Structure formats: structure tokens, C-alpha cells
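Work through the two exercises below with the structure open beside you. Try each task before you read its solution.

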Amino acid sequence: MIEVEAVTKRYGSICALDNVSFTVPDGQIVGLLGPNGAGKTTLVKIATLLTRMDSGSCRLNGMDVLRQPDAIRKIIGVVPQTTNLDRELTVYENLLVYGKLHKVRKLKEQIERAMQGVDIWERRDAVAGNLSGGLQRRLLLARVLLSEPEIIFLDEPSIGLDPQIRQQLWNIIRGMRRAGRTVFMTTHYIQEAEALCDCVGILLKGHLITIGTPEALRASAGGQVVDYFDSAGALQHQICHTRAEASELAHQRGPAASIRDTNLEDVFLALTHERMS
Ligand SMILES: Nc1ncnc2c1ncn2[C@@H]1O[C@H](COP(=O)(O)OP(=O)(O)OP(=O)(O)O)[C@@H](O)[C@H]1O
Ligand SMILES: [Mg+2]
């Protein structure tokens with residue numbers, strides 16, 4: 001379980017996180033969406049002991065990150081936003097070094113299991129720096145799986161990956177959930193959050209403006225959207241709360257208007273637009 005309570009973090013005059021609170025139950029995938037600079041990485045860093053919050057508290061599986069850092073280190077795994085592999089070493093050696101550092105028991109077996117888990121076994125002797133971006137990401141995931149963490153933090157795991165590799169990555173992340181792990185991930189891809197996450201939060205300029213299941217977020221914004229072209233020929237979207245309201249609006253907007261179900265992108269755009277304006 002992840003319990004974040006009133007977390008605030010400033011960097012000089014910048015308030016990276018402002019009174020952020022939420023709870024994630026065990027075994028869920030929670031996704032944090034937000035534009036550049038929203039505070040996503042800052043939150044990951046606070047929960048993974050890479051930076052200290054100014055105020056508030058963060059507990060992972062009941063343990064306080066500030067008071068029990070050693071115990072916290074034993075139950076977390078982190079894939080940072082920027083790849084931090086040892087580029088000179090092979091795939092296997094990267095896992096070996098990490099495993100030794102984390103005192104992983106039965107290391108050889110665990111390395112094999114982790115490599116099979118992300119389907120990178122065939123490339124075990126390749127030099128990490130020569131791998132494609134997708135394979136480097138998979139190696140990072142194998143590395144994180146090595147110590148069998150209870151809670152996994154993934155900061156933009158699918159950045160720069162092609163759609164096919166991204167699907168593979170999603171399956172690996174779903175596998176983490178099947179194994180009973182809790183996954184906290186950040187992403188810029190709304191579609192990814194929709195496809196993968198049990199719970200989605202939207203962070204904007206350090207404020208958590210909403211958090212809930214994708215269904216709950218869609219329902220709270222309004223279940224239907226009317227797409228239509230305005231007088232300047234630009235495509236517009238308007239969220240409606242009822243089917244009747246949507247039909248009425250579509251009728252007003254003319255024959256080119258159409259009605260569809262709300263998706264997370266509509267919710268994201270509506271909420272962020274509201275806050276920005
Ligand atoms: N070490 C630091 N020193 C000063 N300011 C920082 C530092 N780290 C982050 N910030 C600032 O805090 C804010 C939040 O940054 P953060 O990296 O958490 O955003 P993010 O949501 O992860 O963005 P991105 O999507 O670009 O990765 C930004 O305004 C950033 O410039
Ligand atoms: Mg970031």
C-alpha cells in the first residue's frame with residue numbers, strides 16, 4: 001500500500017508538490033499523468049528516498065520513508081526516468097552487479113528468471129550500451145524484478161518506445177500486478193494510463209487535481225462527448241452529463257456532429273484546461 005499524506009516539496013521558489021495526498025491499495029497499478037514539470041518525478045524521488053519532502057508523510061506498506069529508510073529500500077524497486085544502466089557491461093553483467101549490490105539470494109537463478117520474464121535471455125551477452133531503447137527498458141525492468149520488490153516505481157517506462165514494444169512492456173507491467181506487486185508509474189501517454197492502470201491521478205503544477213479509477217474519472221467528467229466543427233472549421237469536443245444533453249447539443253451543432261463515450265483524454269484536457277484558465 002502507498003499512503004501519501006499532505007506531501008509538499010519546494011525547490012527554491014518553485015513548489016514542485018503542493019499538499020498532495022492519496023492512497024493506493026496493494027496489488028494495483030497506479031498511473032500519474034501530468035505535463036512536463038508537474039511534479040511526477042519529484043513524487044517518485046520522495047517515495048524512493050532520492051529526495052526529502054519539506055512536509056507531509058509517505059508510507060509504503062505501512063513503513064515511513066523518513067523513519068524507516070533501510071526497511072523501505074528492501075521492498076522497493078525503481079526504474080528512473082533516465083536510463084542508468086552500466087553501458088560498458090553486458091546485459092548479464094548489469095544484472096549481476098545490481099544483484100550483488102542488493103544482496104539478492106540465489107542470484108544466478110534469479111537473473112535467469114528476471115531475463116525470461118522480460119524476454120531478454122537471448123541477448124544476455126550483448127553490451128548494454130549497444131541495445132536498442134526498447135531492449136534497454138526491458139533490461140531495466142529485469143533489473144528491478146531481480147530483488148522481487150513489493151512496490152515498483154516506474155518513471156515514464158515507455159518513453160520513446162514504438163507501439164509494439166510498448167505493448168510488450170504493458171504485458172510485463174501487468175505481470176508485475178499478477179505477481180501481487182503494487183506498481184506506481186508516471187506517464188505522458190493517456191492511452192497507456194487507460195489501458196493499464198487501476199487508478200489514475202492527474203498532477204498539474206504540483207497539485208493532484210483528481211485521482212480515481214478510469215471509470216470514475218470518466219463518469220465524474222460526464223459520460224458522453226459531442227465532437228463537432230466550429231464556425232472556423234476547427235474540431236471541438238464538449239463533454240455532456242447525459243445522453244439527452246449530448247443529443248440536444250449534437251442536434252444544435254448540425255449533421256457533422258457526432259456523439260461518443262468520454263475517454264481519459266477528454267477528462268485530462270477538460271480538467272487541465274479548467275485549471276490553466
Ligand atoms: N533538483 C531540482 N532543482 C530545482 N528544481 C527542480 C529540481 N527537480 C525538479 N525541479 C522542478 O520541480 C518541478 C517539478 O519537476 P519534476 O521533474 O518533478 O516534473 P515531472 O512531472 O517529472 O516533469 P517531466 O514530465 O518533464 O518529467 C519543475 O518545475 C522542475 O523544474
Ligand atoms: Mg519526470
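A residue counts as buried if 20 or more other C-beta atoms lie within 10 Å of its own, as exposed if 12 or fewer do, and as partly exposed in between; C-beta atoms are placed from the backbone. Strands (E, at least two residues) and helices (H or I, at least four) are DSSP runs numbered from the N terminus. The model is predicted: local features need pLDDT of at least 70 and side-chain atom pairs 80 or more, while totals for chains, interfaces and linings use all residues. Residues are numbered from 1 along each chain as its sequence is written, and chains are lettered from A and ligands numbered from 1 in the order in which they are written.

**Exercise 1. Describe the setting of strand β9.**

Step 1. Find β9 at residues 199-204. Cys 199, Gly 201 and Leu 203 point one way. Val 200, Ile 202 and Leu 204 point the other way.

Step 2. Check burial. Six of the six residues are buried, so β9 is largely enclosed by the rest of the structure.

Step 3. Find the partners; strands pair if DSSP finds at least two bridges between them. β3 (residues 29-33) pairs with β9 in the parallel sense over four bridges. There, Val 30 has Cys 199 as its bridge partner. β10 (residues 207-212) pairs with β9 in the antiparallel sense over five bridges. Leu 203 stands opposite Leu 208.

Step 4. Look at the turn. β9 and β10 form a hairpin with two residues between them. Lys 205 in that turn has a positive phi of about 45°.

**Exercise 2. Which element supplies the largest share of the shell around ligand 1?**

Step 1. β2 (14-24) and α1 (40-47) each supply at least two residues.

Step 2. The largest share, three residues, comes from α1.
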